[in-house]
Amino acid sequence: MNGTGESGLPEIGVKLIDRDHNYIVELFSELQFHTVAGMAGGKTGAMLRQLAQLTQVHFLLEEGIMSATNYPGIAVHQLRHQWILEQNKALATQRGRKALERNSELLRYLADINDEHIRNDDLHYGLWLGTKAPRCAPAARNAMR
Ligand SMILES: [Fe+2]
């Protein structure tokens, strides 16, 4: 449990969450490739919107699972999700894309925020779920893995 996934980030131990994390990290890598290669434009805009939408759906999934398992840290976790979503959405706007064309480091900054959230906040949940989920029925826990 809680090994390293395809993305090089720690696995949380919930299959759906780990699958999404790998996909989000892959999307960041693809975006960075396009941005560094100077291909910012229509495709980058579509990918940034896709990233913002995927992240929003992923966060709702995470929060739903946390709620179903009575995770005591859910309120703080939701606040962190909101902040990350605001950053993602800002970059997906026309103004954000223009800023990204001028400074490709913005994308690296956002990718680092995402990685840090997985390494710290999400992993904290995974460790809690694996060892301290007293009110979570074993059948429900097994269904998520
Ligand atoms: Fe999270």
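How many residues apart are Arg 108 and Asp 112 in helix H5, and about how many helical turns separate them? Being four residues apart in helix H5, they are separated by about one helical turn. We will come back to this pair at a later stop.

**Before you start**

This is a predicted model, in which local features need pLDDT of at least 70 and side-chain atom pairs count only at pLDDT 80 or more, while totals for chains, interfaces and linings use all residues. Residues are numbered from 1 along each chain as its sequence is written, and side-chain values use heavy atoms, with hydrogens and water left out.

**Stop 1: the whole chain**

Show the protein chain as a cartoon. You will find six helices and zero strands, and from the N terminus on the elements run α-α-α-α-α-α. Helices here are DSSP runs of H or I with at least four residues, strands are runs of E with at least two, and both are numbered from the N terminus. Of the 145 residues, 44% count as buried. Buried means under 20% relative accessible area, exposed means over 50%, and partly exposed is in between, using a 1.4 Å probe and protein chains only.

**Stop 2: the iron ion**

Which residues coordinate the iron ion? They are Glu 62 (OE), His 77 (NE2), His 81 (NE2), His 117 (NE2) and Asp 122 (OD), at 2.0 to 2.3 Å. Donors are N, O and S atoms within 2.8 Å of the metal (3.2 Å for Na, K and Ca), and water is not among the atoms, so sites may look incomplete. Along the sequence, the donor residues are spaced E-x14-H-x3-H-x35-H-x4-D. Glu 62 lies in helix H2 and Asp 122 in helix H5 (residues 105-131), so this pair ties together parts that are 60 residues apart in sequence. Are these two buried or exposed? Both Glu 62 and Asp 122 are buried.

**Stop 3: pairs across the fold**

Stay in helix H2 and select Phe 59. This residue is buried, with a relative accessible area of 3%.

Next, pick Ile 12 in the segment before H1. Ile 12 counts as buried, at 1% relative accessibility. Ile 12 and Gly 126 are 114 residues apart in sequence, yet 4.6 Å apart in space, C-alpha to C-alpha.

Then move to Glu 86 in helix H3. Glu 86 counts as exposed because its relative accessibility is 52%. Its C-alpha atom is separated by 10.0 Å from that of Gln 56, 30 residues apart along the chain.

**Stop 4: salt bridges**

A salt bridge here is a side-chain nitrogen of Lys or Arg within 4 Å of a carboxyl oxygen of Asp or Glu. By this rule the count comes to four.

Return to the opening pair by selecting Arg 108 and Asp 112: their closest N and O atoms are 2.6 Å apart. Arg 108, Asp 112 and Asp 115 are linked in a network of salt bridges. Arg 108 is partly exposed at 31% relative accessibility, Asp 112 is partly exposed at 38%, and Asp 115 is buried at 19%.

Now select Arg 19 and Asp 20, whose side chains meet in a salt bridge (2.8 Å, N to O). Asp 20 counts as buried at 8% relative accessibility, whereas Arg 19 counts as partly exposed at 48%.

**Stop 5**

Select Asn 70, in the loop between helix H2 (42-68) and helix H3 (74-92). Most residues other than glycine have a negative phi. Asn 70 has a positive phi of about 55° although it is not a glycine. Asn 70 is partly exposed, with a relative accessible area of 35%.
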